[in-house]
Amino acid sequence: MQEINDEKIKIEDVKPDKSLRILTGDRPTGHLHIGHYFGSLKSRAKLQDKFETFIEVADVQALTDNFNNPQKVKDNVTQIIMDELAVGIDPNKVTFFIQSMIPEIAELTVYYSNLVTIARLQRNPTVKTEIAAKKELFGESVTYGFLGYPVSQAADITAFDATYVPVGDDQLPLIEQCREIVRKFNSIYGETLREPVAVLSNTTRIKGLDGNEKMGKSLGNALYLSDDLEEIKQKVMSALTDPQRIRKDDKGHPEVCMVYYYHKLFSTENECKNICEECKAGARGCVACKKQLIDNINRELGPIREKRHYYEEHPNEVMDILMAGTEHARKIAKQTLDRVKKSMMLDY
Ligand code: TRP
């Protein structure tokens, strides 16, 4: 077996090994957008052929900051799976499962919670940032559930003996916390759990159509995999362009233009080169430039949207995939829980 002792690894450096498991997940709080597509979905579609892959719909985790909106979480469970299926993640290769249907994960969370201090959770940079951003929800004091979600995420990962966890870099502190829990568990109760490695995809975060560093539903600046041609048109037509460019023959600055930024994601290298030169020379109108972008986005997202339509019309098929995956996942989590309880002398 290859030696894995790195804390994190880049996606192009992982060696395929079908005997190793990957686990990753999403909070079902909204449809997936092209930030997810370039940041994680494309790499999931590649990794599914290299490892045994598990993808969790983290509904329990989603509730930690949406406890007052269970309908939203429930509605998005199938929406997220439809997005994943639409981009080519294959249910014959990947196990999709619903977190709340695996009570073994909740039980592991309870046992692991003895191994983490409150101070350590409060120091977790991701949790810290999120708490600061959720003042409206949490007021003066954060809930026990939200503060503890890294412990629950450690249970998600270790329940499946996952070796690799493909995530964005905002998740690194959570993987680090999981690794600490594993080490502490193993040092107290004996070698039981596997220490996971974060796998970083090589794309950076995709900016919103308005130029905001982050793309998100609440910011209203996202392009969704479920958007139809009309929505794409409307969003691209209102995207932020070079504010200094008023007339068509003004010399442009593509580096500050969101339309050019998106061309770099969806158009060929040659097209980008021409666009950049023409824009700088004042020889290209923004409207034509946007139309070309709309065509290219539609060329990439059109087939995804069609595949998504199929699943929208066959919701029972989506539920069947989730139920079959969950049943399989639960068997594995049960084996881990048995092992954990044995190590903890709870095997009555
Ligand atoms: N915290 C992750 C996010 O917000 C979702 C998640 C839940 C996850 N459980 C996981 C990611 C396990 C990787 C592994 O995107």
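In this short talk I will go through some charged and aromatic contacts in a predicted model, together with a few residues in its loops.

Because the model is predicted, local features are taken only where pLDDT is at least 70 and side-chain atom pairs count only at pLDDT 80 or more, while totals for chains, interfaces and linings use all residues. Residues are numbered from 1 along each chain as its sequence is written, and side-chain values use heavy atoms, with hydrogens and water left out.

Let me start with the aromatic rings. A pair of aromatic rings is described by the distance of the centres and the angle of the planes. Rings of Phe, Tyr and Trp (for Trp, its six-membered ring) are paired if their centres lie within 6.5 Å, and planes under 30 degrees apart count as stacked, over 60 as edge-to-face and the rest as tilted. Searching the whole structure in this way gives 11 aromatic pairs. In one of them, the ring centres of Phe97 and Phe160 are 4.9 Å apart and the planes stand at 40°, so this pair is tilted. It links distant parts of the chain, for Phe97 is in strand E4 and Phe160 is in the loop between helix H9 (149–158) and strand E5 (164–167), 63 residues apart. Helices (H or I, at least four residues) and strands (E, at least two) are DSSP runs, numbered from the N terminus.

Elsewhere, ring pairs join Tyr37, Phe38 and Phe266 into a cluster.

Now to the salt bridges, each of which is a side-chain nitrogen of Lys or Arg within 4 Å of a carboxyl oxygen of Asp or Glu. The structure holds 24 of them. One is formed by Glu107 and Lys341, with the closest N and O atoms 3.3 Å apart. Because Glu107 lies in helix H4 and Lys341 in helix H15 (residues 315–343), this pair ties together parts that are 234 residues apart in sequence. Glu107 is partly exposed, with a relative accessible area of 27%, and Lys341 is partly exposed as well, at 23%.

Arg179 forms a salt bridge with Glu176, the closest N and O atoms being 3.8 Å apart, and as the two are 3 residues apart in helix H10, they are separated by about one helical turn. Arg179 counts as buried, at 8% relative accessibility. The side chains of Glu195 and Arg183 also meet in a salt bridge, at 2.7 Å from N to O. This pair links Glu195, in the loop between H10 and strand E6 (197–200), to Arg183 in helix H10, 12 residues apart. Glu195 is partly exposed, with a relative accessible area of 29%, and so is Arg183, at 38%. Salt bridges that share partners also join Arg27, Asp65, Glu130 and Lys134 into one network.

Finally, a word about some residues in loops and at the end of the chain. Asn92, in the loop between helix H3 (70–86) and strand E4 (94–98), is exposed, with a relative accessible area of 74%. The C-alpha atoms of Asn92 and Leu265 are separated by 29 Å, and these residues are 173 residues apart along the chain.

Most residues other than glycine have a negative phi. Which phi does Asp161 have, although it is not a glycine? Asp161, found in the loop between H9 and E5, has a positive phi of about 50°. Met345, in the segment after H15, likewise has a positive phi, near 60°, and counts as exposed, at 65% relative accessibility.

Methods
Buried < 20%, exposed > 50% of the residue type's maximum accessible area, 1.4 Å probe, protein only.
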